[in-house]
Amino acid sequence: MSLLIKFLYLIQLSMPCQALESGLNIQQAVEQGLGNNLEVLSAKLEISVAEANEITAALRANPSLYFDSQLMPFSGHWSQSSSGGPTQRDVVLTVPIDVAGRRSQRKTYAKLLTEQKKIEAAKRETEEQLQ
């Protein structure tokens with residue numbers, strides 16, 4: 001990084017440009033260029049997405065509640081001679097249970113992906129600084 005700044009400083013001394021005449025120094029120009037680089041910005045946004053996925057991976061599955069009705073007599077009242085039977089009503093509660101440590105595996109995997117995205121973002125930023 002310091003070699004890059006020294007090189008740019010030498011360029012500044014040899015060739016004045018409009019940005020330098022307006023009061024923008026080399027460090028500010030490098031920071032502005034990195035701040036406006038779409039690849040670096042997208043890598044930083046991918047970190048936010050990975051952190052959101054990490055939160056989602058830690059959540060437990062939602063329970064479900066169902067209400068059901070069968071054999072409803074639409075042609076009047078039910079009797080022993082009509083087909084079907086009496087109206088049947090059901091209530092079903094489903095509570096998903098994670099077995100074999102799947103939730104902790106999801107959390108670990110999401111954390112690893114977040115770390116990978118952070119490394120990739122740092123790599124892109126470093127590559128852009130060296131260019």
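The model is predicted, so local features need pLDDT of at least 70, side-chain atom pairs count only at pLDDT 80 or more, and totals for chains, interfaces and linings use all residues. Residues are numbered from 1 along each chain as its sequence is written, and side-chain values use heavy atoms, with hydrogens and water left out. The protein chain has five helices and two strands. Of its 131 residues, 11% count as buried.

**Fold and terms**

- Read from the N terminus, the elements of the protein chain follow the order α-α-α-α-β-β-α.
- Helices (H or I, at least four residues) and strands (E, at least two) are DSSP runs, numbered from the N terminus.
- Buried stands for under 20% relative accessible area, exposed for over 50%, and partly exposed for values in between (1.4 Å probe, protein chains only).

**Helix α4**

- Helix α4 spans residues 38–58, which is 21 residues.
- From first C-alpha to last, α4 reaches 31 Å, close to the 30 Å expected at 1.5 Å a residue; the expected span is 1.5 Å times one less than the number of residues.
- The residues Val-40, Ala-43, Ile-47, Ala-50 and Ala-57 of α4 are buried.
- An α-helix has 3.6 residues a turn, so residues three or four places apart point the same way.
- On the face of α4 turned away from its buried side are the exposed residues Leu-38, Leu-45 and Ile-55.
- Ile-55 has a relative accessible area of 58%.

**Packing of α4 and α5**

- Two packed helices are described by the angle between their axes and the distance between the axes.
- The angle between α4 and α5 is about 170 degrees, and their axes are 8 Å apart.
- That angle makes α4 roughly antiparallel to α5.
- Axes are lines fitted to C-alpha atoms, for helices over the stretch in contact, and angles run from 0 to 180 degrees between N-to-C directions.
- Angles under 35 degrees count as roughly parallel, over 145 as roughly antiparallel, 65 to 115 as roughly perpendicular and the rest as oblique.
- The contact of α4 with α5 involves nine nonpolar, three polar and 15 charged residues.
- In this count, Ala, Val, Leu, Ile, Met, Phe, Trp, Tyr, Cys and Pro are nonpolar, Asp, Glu, Lys and Arg are charged, and the others, Gly among them, are polar.
- Ile-55 and Ala-110 are 55 residues apart along the chain, with their C-alpha atoms separated by 8.5 Å.
- Ile-119 and Ala-43 are 76 residues apart in sequence, and their C-alpha atoms are 9.6 Å apart in space.
- Ile-119 lies in helix α5 and is exposed, with a relative accessible area of 59%.

**Salt bridges**

- Side chains of opposite charge can pair when their charged atoms come close.
- Four salt bridges are found in a search of the whole structure, each defined as a side-chain nitrogen of Lys or Arg within 4 Å of a carboxyl oxygen of Asp or Glu.
- Arg-106 pairs with Asp-98 in a salt bridge whose closest N and O atoms are 3.3 Å apart.
- Arg-106 is partly exposed at 31% relative accessible area, and Asp-98 is partly exposed at 34%.
- Glu-115 forms a salt bridge with Lys-118, with the closest N and O atoms 4.0 Å apart.
- Glu-115 and Lys-118 both belong to helix α5 (residues 102–130), three residues apart, about one turn of the helix.
- Glu-115 is partly exposed at 43% relative accessibility, and Lys-118 is partly exposed at 36%.
- Glu-120 forms a salt bridge with Lys-117, the closest N and O atoms again being 4.0 Å apart.
- Glu-120 and Lys-117 are three residues apart in helix α5, and so are separated by about one helical turn.
- Glu-120 is partly exposed at 27% relative accessibility, and Lys-117 is partly exposed at 26%.

- Ala-100 has a positive phi of about 60 degrees although it is not a glycine.
- Ala-100 sits in the loop between β2 (88–94) and α5.
- Ala-100 is exposed, with a relative accessible area of 68%.
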